[in-house]
Number of protein chains: 2
Amino acid sequence: MSSFFEILKKSPNSNARIGKIITNHGEISTPAFIFCGTKATIKSILPEQLYSANTQIILSNTYHLMLQPGPDIVAKNKGLQNFTQWKGPMMTDSGGYQIFSLGYGSVSEEIKGKNTNIKRKSLIKISEEGASFRNYLNGDRVFLSPERSIELQRYFGADLIFVLDECTPFNVSKKYTENSMHLSHRWAKRCLKSFNSSFDTFEKNSGSSGIQSLYGIIQGGVYEDLRKVACEETCSQGYDGLAIGGSLGGTKDQMHEIFSFCENIVDKKKPMHVLGIGGIDDILHGVSCGYDTFDCVSPTRIARHGIMLSKSKIKGFNLNNSKFKDDHSCIDEDCIVPEINKFTKSYIHHLLKSNEILGMVILSIYNIWFMNNFFQEIRNKIQQDQFENYKKEILSQLSK
Amino acid sequence: MSSFFEILKKSPNSNARIGKIITNHGEISTPAFIFCGTKATIKSILPEQLYSANTQIILSNTYHLMLQPGPDIVAKNKGLQNFTQWKGPMMTDSGGYQIFSLGYGSVSEEIKGKNTNIKRKSLIKISEEGASFRNYLNGDRVFLSPERSIELQRYFGADLIFVLDECTPFNVSKKYTENSMHLSHRWAKRCLKSFNSSFDTFEKNSGSSGIQSLYGIIQGGVYEDLRKVACEETCSQGYDGLAIGGSLGGTKDQMHEIFSFCENIVDKKKPMHVLGIGGIDDILHGVSCGYDTFDCVSPTRIARHGIMLSKSKIKGFNLNNSKFKDDHSCIDEDCIVPEINKFTKSYIHHLLKSNEILGMVILSIYNIWFMNNFFQEIRNKIQQDQFENYKKEILSQLSK
C-alpha cells in the first residue's frame, strides 16, 4: 500500500518536497494543511464552503465520535464522508491525544511545555491493555484499546487513520517518556496487526472498497536518543505513513530541532505528518525539513475569537480591535472566495462586537482559504526551486 | 411614489392577491416573507446562502444599528446593502418595536397577550417629543424622535422604511391604547414630513438614487372602533405602504378577526404588511384577508433551537428529539438548496447534541428555504384560483 504516496519534486537546497497522497476520495497535493473537524464538522462551516476555500482534507476525532454519535450511527451512513457530506479525503486520529488531555488539561499547551498544572490523573487510567476514562457526556467508564481504536476507525472509514499512542507530555521525567514510548510502540504493533486483519470486516461494514492507510506515530519527547529509537522502531514496521507526536519541547527552536533531527533518520519514502502544529513559522521550518502534512485547530479556533491570519504578523490581526471599526477595505484583496471576499473589515468588526456568529463564519472561511493559499504558495515555490528564499522572506517579515 | 406596488392577480373568492413591490434593489413577488436580520445579519447565514434559499427580502432594526455600529459607519458604506453584501431589497423598522420591549419585556409575547409581567417602565420614557431610553451597550441615555428615526433610516438606506410608533401592548387599558394610538398618529405625520423633506440629504449621504418607500402603521389594539380610526387616519396620509402593528389580541381567532376587520377598511391599492407574525396558520389567514408581506424572527430563531418547519405540524419538528438519532432520511426530499439538502436528520441531530453551530446553520437555511417555498406555493395557488382550497387543506392537516 506504500504506493499511496508519490514524491514529485525535491527542493535542491533543503528536504522540502512536493508529493501527492492518493486516497479513495481524491488526491492530496503536499505539503498540505489538514483542518480539524473534531465532532464530524468544521465548526460552523458547510462542506460547500470548504470546497470554495480550496480545502483538500479535513480530520475528525475518534475520541469524540466514539461517544457521540457512536460508531454504529456513522457506519449506518457508510462512513464519515457520507455522514458529514464532506466528499474529499479525511483523516481520523486514534483517540490518544484527547484521552491524555483528560490527564493533563490542555495537551496542546502541555506538549509545547507551557503547562505546569498538577496532573488530574484520576480521570484516566493507562494500563498495558489500553486506556480507561470517563465519558465526558454521561460519566460512564469507557475503555479504549489499540484494537478498539482501529475497529472504531474502520467504522468511521476515513482515508488516513492513526495508531493509538500515549501523547507524552512535556513536564514528565525522561524515564516516564521512555516507558511511555515503549508502551506506544507495543500499542502501535497491536494496531497494525488489528488493521491488517480487519480489512474484510471494514469492507463489509462500510460497503466501501476504499482503502485506508495507517500512520505510525513517533514519540520520544525532547530526547534525541529516544526520538532515534522511536524513529527506527516506527520505520521498521509496515505503516503507510509516519507522524511526529508527543512533546515538541518548550520553545520553537526546540521544536524545529526535533523536526530536523527526526526527518534525517526516517524513511523518506513515506509521507510525514506533524501532529497539532499550525504556526506559519513552524510550518515553514517543517516543510523545509521534509514534512508533508500538518494539522492544527488554530486557524479555525482563532477565527472564532476574531483573528484573521496573516503572513506579516505571527499572531494574525484581531478584528475586535477598535481600529477596524472604520476600516472599509475588504478583508483581503488576494482572497478569491466569492462568498466572503467582498466583506469589509468594518463589517466583520461590527459582527464581532455584536456577538454575531456570522463574524466567526466569515473569519473561519477566510483562515481556511488563507492556509490553503499559503500551502499552494509553498508548493509553487518548491516547484520553482525558490522555497528556501520564500521561507527566509516570510520569516523576516513576520512580526511577533 | 405609489407606483412602487402593482397588483397582478386577485383571488375570486377571498381578498388574497399576487403583487409586486418594485425597489431599487429588485422586485419582490408578493405575498412574501421578510426575514429578520436584526443587527445587519441573518444570524450565522451568508448572503450567498440567502440567495440559494430563494430569499427575496430581509430586514434590519434601526434601534440596534443606531447603537452598534452607528449610522455613520453604515453611511460610509453607502447603506446597508453594501455593508452587509445582501444585494436584494431591504426593510428597516423604525425602532419603535424594540424601544418598547424595554418597557414590557418581550414585546412579541406581550402583543400576543401572553405577558402579565409588571412593567419595567424605568428603562424608557415616552413624551410627545419622542422616546428616551438607555443604550443597552453602555447605559447612555439615548433619545429617538420621529425625525431622528427617519434620519437614521435615510442613513441606513433600506428600500422600505417605517414611521416611528408606540407598539401598544395587550395588557393596558382601552384609554391607554387610544392615547397611544393618537400619539403614534402625530409621530407618523412628523415622520412623513421629515421623510418628504430629506430626500436630497439622503441622496447626498447615500450616493444613491435609490428611492425609499415609507410605511405607515395602524395601531388600535383589539378595539374595532380604535382600529377603524387608525385605518382611516393612516390611509388619509401619503404613506407608500401600510402595516398592521401593536397588540393583535390574546388568541389566534382575535388576531384573525383584526386582520379581517382592518383589511376591509384600508386602501387596497397599497401594499399591506403584518408586523411580527410568522405562524403558518396566521400567514394563511393573513394572505386570505389580502396582506402582502409578513416578517417574524421565528423561522430562524426556532432553527437555532433545533426546530425544522413543517406544513404538517404547527410547531415544527424538534431534531433534538432522540427519535431522529437513527433517522437517516435526508432533511426534506423537496428541498432544492444544494448546500444542505443531502444532510440526514441523523447528522443534524448529532450536530445539535454536540452543540455544534453547523446544526443551527443548516436548519436556518432550511427554514428560510421552507418559508420562501411556502410563499411560492401560496402565489402559485392564488394564480391558479386555488388558494382557498389550499388554505383549508393545509389548516386541516396542521397538527398542534
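The expected span of a helix is taken here as 1.5 Å times one less than its number of residues, and the views below are drawn from a predicted model.

**View 1. Helix 8 of chain A and its span.** Helix 8 of chain A, which covers residues 174–197, contains 24 residues, and the distance from its first C-alpha to its last is 35 Å, close to the 34 Å expected at 1.5 Å a residue. Its buried residues are A:T177, A:S180, A:M181, A:S184, A:H185, A:W187, A:A188, A:C191, A:S194 and A:F195. An α-helix has 3.6 residues a turn, so residues three or four places apart point the same way. Among the elements that cover the buried residues of helix 8 of chain A are helix 7 (146–156), strand 11 (213–218) and helix 10 (224–236) of chain A.

View 2. Strand 11 of chain A pairs in the parallel sense with strand 10 (residues 160–162) of chain A over three bridges, and A:L214 has A:I161 standing opposite. Strand 11 of chain A also runs parallel to strand 12 (residues 241–244) of chain A, to which four bridges join it, and here A:I218 has A:I244 as its bridge partner.

**View 3. The contact between the two domains of chain A.** The domain assignment divides chain A into domain 1 (2–296) and domain 2 (316–392), whose centres, taken over C-alpha atoms, are separated by 27 Å. Across this boundary, 24 residues of domain 1 of chain A are in contact with 20 residues of domain 2 of chain A. On the side of domain 1, two or more residues each come from strand 2 (17–23), strand 4 (32–36), helix 1 (47–52) and helix 12 (280–289) of chain A, and the residues of that side comprise 12 nonpolar, 10 polar and two charged.

**View 4. The interface between chain A and chain B.** Contacts link 33 residues of chain B with 33 residues of chain A. On the chain B side, helix 3 (71–76), helix 4 (80–84), helix 14 (345–353) and helix 15 (357–383) each supply at least two residues, and the largest share, five residues, comes from helix 14 of chain B. Chain B is superposed on chain A by a rotation of 180° with 0.0 Å of shift along its axis (RMSD 0.0 Å), which is the relation of a two-fold axis. Because 100% of the interface residues of chain B are also interface residues in chain A, the copies meet through the same surface.

Notes
Residues are numbered from 1 along each chain as its sequence is written. Chains are lettered from A and ligands numbered from 1 in the order in which they are written. This is a predicted model: local features need pLDDT of at least 70, side-chain atom pairs count only at pLDDT 80 or more; totals for chains, interfaces and linings use all residues. Two residues are in contact if their C-beta atoms, placed from the backbone, lie within 7 Å. Domain bounds come from an automatic or database domain assignment. Ala, Val, Leu, Ile, Met, Phe, Trp, Tyr, Cys and Pro count as nonpolar, Asp, Glu, Lys and Arg as charged, and the others, Gly among them, as polar. Copies are superposed by least squares on the C-alpha atoms of residues with pLDDT of at least 70 in both. A residue is buried if 20 or more other C-beta atoms lie within 10 Å of its own, exposed if 12 or fewer, and partly exposed in between; C-beta atoms are placed from the backbone. Two strands pair if DSSP finds at least two bridges between them.
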